[in-house]
Amino acid sequence: MSIKFEAVIGLEVHCQLATREKLFCGCPTDFGAPINRNTCPICLGMPGVLPVLNEQAVDMAIRAGLALGCEIRERSVFSRKHYFYPDLPKGYQITQYERPILERGGLSIELEDGQRRVIGLTRIHMEEDAGKSIHMDTGATLIDLNRAGHPLIEIVSEPELRSAVEAVAYLKALHEVVRYLGICDGNMDEGSFRCDANVSVRPVGRAAFGTRTEIKNMNTFRGVQRAIDHEILRHIDVIEGGGVIVQETRLWDEAAGRTRTMRSKEDAHDYRYFPEPDLPHLIISTARIESLRATQAELPLAMRERFVRDYGLSAYDAGVLTGEPSLVAYFEAAVVAHPNPKGICNWLTSELLGRVDAAKVPTSNVSPGALARLVALIDDETINGKIAKTVFEKMLSTGMSPDAVVDADGLRQVKDGGAVELVVQQVIDANPNQVSQYRSGKLGLKGFLVGQCMKVSGGKLNPSVVNDTLDRLLGPPATGG
Amino acid sequence: MSNALTDYSLCALRDALDRREVLAVDVAQAYLDRVSAHDPVIRAYLTVDAEGALQRASEIDSNRAAGGPLGPLAGVPIALKDIFLTKGLRTTCASRILEHFVPPYDATVVTRLREAGAVILGKLNMDEFAMGSSTENSAFQQTKNPWDTTRTPGGSSGGSSAALAAQLCAGTLGTDTGGSIRQPAALCGVVGLKPTYGRVSRFGVIAFASSLDQVGPMGWTVRDAAALHEVIAGFDPQDSTSSDRPVPTGHSRTPVGGRLDGVRVGVPTEYFPETGLTPDVRLKVTEAIGKLRALGAEIVPVSLPHSPYAVATYYVIATAEASSNLARFDGVRYGHRAKADDLLSLYLRSRGEGFGMEVKRRIMLGTFALSAGYYDAYYGKAGQIQTLIRRDFEQAFERCDVIATPTSPSTAFRLGERTEDPMQMYLADIFTISCNLAGLPGLSLPCGFDADGLPIGLQLLGRAFDESMLFRVGCAFEDSTDHHVRRPPSLQTGGVVTGQEAQS
């Protein structure tokens, strides 16, 4: 009989804060600068330099703490973490160890069955990033210190995740939160949002944890899921085969689809942490916390609930809109201009998002006001839905306003009974067979006739006026025939 | 005028320059000539920047002639301990690992000196990375005590103290982590001030022990030290540990003949032990305290009971921080890089070849003190004792305004005498270390000579940020004595001019 195992997973997420300057010097943080351009004596670790804390980074960390329900320490301490590596200029990283700025807290995640669960957070601390080592085929290693000294927060979860799917749900929820707060661009390709996973397994029902391994080098949500799934199965295989799991750090090999040993516990560094003497303790006042709280961005979960409640959107649509911070502002601006949230949401999600990347929506040719106006033109029956698509295409390609397109192309909807009647009569005359079949009871042919009217008119007739006119001119069809 | 330009104290020179009695370029040239003549024996300078000094001096002279704005030290020749980064001027910290290092920026104190119009003559020898008490740990050369060239000038700022005593500069800056300004000042018969921790920016000063290091002025007189202090002290946005407390000003112009009525001078029994203090030092320091009483001060006995633990505490904290601060010297970005085939040997060889014995010893001690499983017993415990030492001073300063002690338990010892025994060397700082652990200001000034004619230093310790009290007591003492104007007979000076003579 085989034992049933459950996985125990905790995640450590490194989030690069979207500050203008590095954590301890004034160097810019822009990504993609020429190698070693964004450096100065301080982040190069020259002799004699001293760190000065970037207060914007502290504000961003506090915002994360507020959003994640953390306890914000009035007094926190920076420490030095020592190890030798060429991309670590000072031979130590300035981080927080014993007294981090944020402790405890929780993140609500949505499980596959739609249930929500709160995953506990152990701590969030501030630290500086290291540089990048670029290993060449020649065997040489080049060092790029542009990234050295970028501000990070490390968010450490409790070991409360039980599957790779849950781990990814957690990561996505966290990703969404930090992007909503505007404290991280969330770009996983550029390393702005990085995750390490601690994984162990234990027989279901046992309280004690199994031996864990730490997995690094997962660069996509999918990679995280595959790596954790792989690692769980590897643990179970080893245990079922009578072996023992060795506590170690493992690297995820995306191409090979497996993890491999990076360093064992015996090789683990003694980081020799001690309080950073060059920085005073970080004191955070209640006033500072409150002023940040007052200007705190709304979080995606709360926003989704509000969109369903206040705008009458479906949960699905609310999810699509709030999945991308840039869409939220766009949507809400459009709703202000024309209060038909459902109509605007439909046009935004099915048309605009069908043609433009979500991130580029705000800078597309169609402004929120223009989209709102388009929906307004439909709502007041200036144009019908079909014509609106034509108008939209032109707006998107030219940047023209919907009114300008309608006027220029003569697309205004025809509602006048006389004008409609002319077209309807023309269609009746041109289709005697279909008319007589309709009159003898083939009711389905009415749709054909309506279509013909629209076709002849270039789609400009008001569909309900067309319907009424057809009914009147065709007379009642035979029944029971 | 029978005196040479190099006989003027910093303040006297400043005033003569102000009155246009002398030209900065002549002063600079006189000092450069004197360095050429005497430094081959004294060996205080690691780098002489003759060209830069003369150019700067002539700029100052032009500015003055044109009536342009001039700083408070315009034209005054200064030399710097080679621990201060000077843009474009080699800065070695007396270490092989930085033998060819040319800094890309100026330390804040260097910037302030330059802006004040100081003329920088060059860089002075020291113990490697400021680790030592005799300047014998320099990787490059042995600096001699001008009073007896078989003896140490003290350390680690021994190049600074020797240069002052030999009149090879008019003023200098040192750094003091456990006594490295005050002890060499005492051993060379000059004045040295370690300001309150946080008083002077450490930005651009190569770190030894960050929580203890402090930059300070050294000069021939208390007023000279005060003049330099006024320029270098004050908040620096680039040093998060620097203080924005107002900087004491005007002490370089203190009128002669001040009294000390109402000042309470504490004398700690722990600093006058039965053994470990030479009879001459005990005698002269006791006489100096008598002089303070004669000037009107009240002498009160105080106790600093945790003093016996200071040296041990210091060598845990200072080495721990040093092991961290020196990690950046890895041969990767600057400094000495050894030839190596892989990363580990690059580190081992670059650091192995670049660092001297004492530096390696301290890196190993500090690494051990911070290691997992030992942290609490060493670094953690040392922090607790530091708190007790700090409290000792707080309690003592409830009863007195300034504390008077010997600076060093002995006068200058012979070169080579203690190099084989690190513990003996460490004990040279026994009276200076507590002041760093407590973060307090400490001043050493000449108070007499022993039977061999070697200088003895009086140490005055003050409350945090009360350098004013040290200047006041120091000036009053100095005005009533002549120890500070005496010079080694062999150096053939024309007699020191302090500018106070006419007034007294």
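A salt bridge here is a side-chain nitrogen of Lys or Arg within 4 Å of a carboxyl oxygen of Asp or Glu. With that in hand, take B:Arg202 and A:Asp278: their side chains meet in a salt bridge, N to O, at 3.0 Å. The rule finds one salt bridge across the interface of chain B and chain A.

A word on what you're looking at: this is a predicted model, where local features need pLDDT of at least 70 and side-chain atom pairs count only at pLDDT 80 or more, while totals for chains, interfaces and linings use all residues. Residues are numbered from 1 along each chain as its sequence is written, chains are lettered from A and ligands numbered from 1 in the order in which they are written, and side-chain values use heavy atoms, with hydrogens and water left out.

**Where the chains meet**

Counting contact as heavy atoms within 4.5 Å, 37 residues of chain B touch 30 residues of chain A. The buried area between the two chains is about 2,700 Å², and carbon and sulfur atoms give 61% of that. Buried area is the accessible area (1.4 Å probe) that two parts lose on being put together, summed over both. B:Ser240, B:Arg328 and B:Arg333 supply 22% of the area that chain B buries against chain A, more than any other three residues.

There are also 17 residue pairs in polar contact between the chains, both residues at pLDDT 80 or more. Such a contact is a pair of N or O atoms within 3.5 Å; within protein, one must be able to donate a hydrogen and the other to accept it, and residues adjacent in sequence count only if both atoms are side-chain atoms.

On chain B's side, α9 (310-325), α10 (343-354) and α11 (357-370) each supply at least two residues, and α9(B) gives the most, with four.

**Strands in chain A**

Helices (H or I, at least four residues) and strands (E, at least two) are DSSP runs, numbered from the N terminus. Two strands pair if DSSP finds at least two bridges between them.

| Strand pair | Sense | Bridges |
|---|---|---|
| β12(A) (193-203) and β13(A) (213-218) | antiparallel | four |
| β13(A) and β14(A) (248-253) | parallel | four |

A:Cys195 stands opposite A:Met218 in β13(A), and A:Lys216 has A:Leu251 of β14(A) as its bridge partner.

**A tucked-in arginine**

Is B:Arg14 buried or exposed? This residue of helix α1(B) (10-18) is buried (under 20% relative accessible area, 1.4 Å probe, protein chains only), at 5%. Leaving out residues up to four places away in sequence, B:Arg14 touches B:Pro72, B:Val76, B:Ala227, B:Ser252 and B:Arg253.

Key:
Buried means under 20% relative accessible area, exposed over 50%, partly exposed in between (1.4 Å probe, protein chains only).
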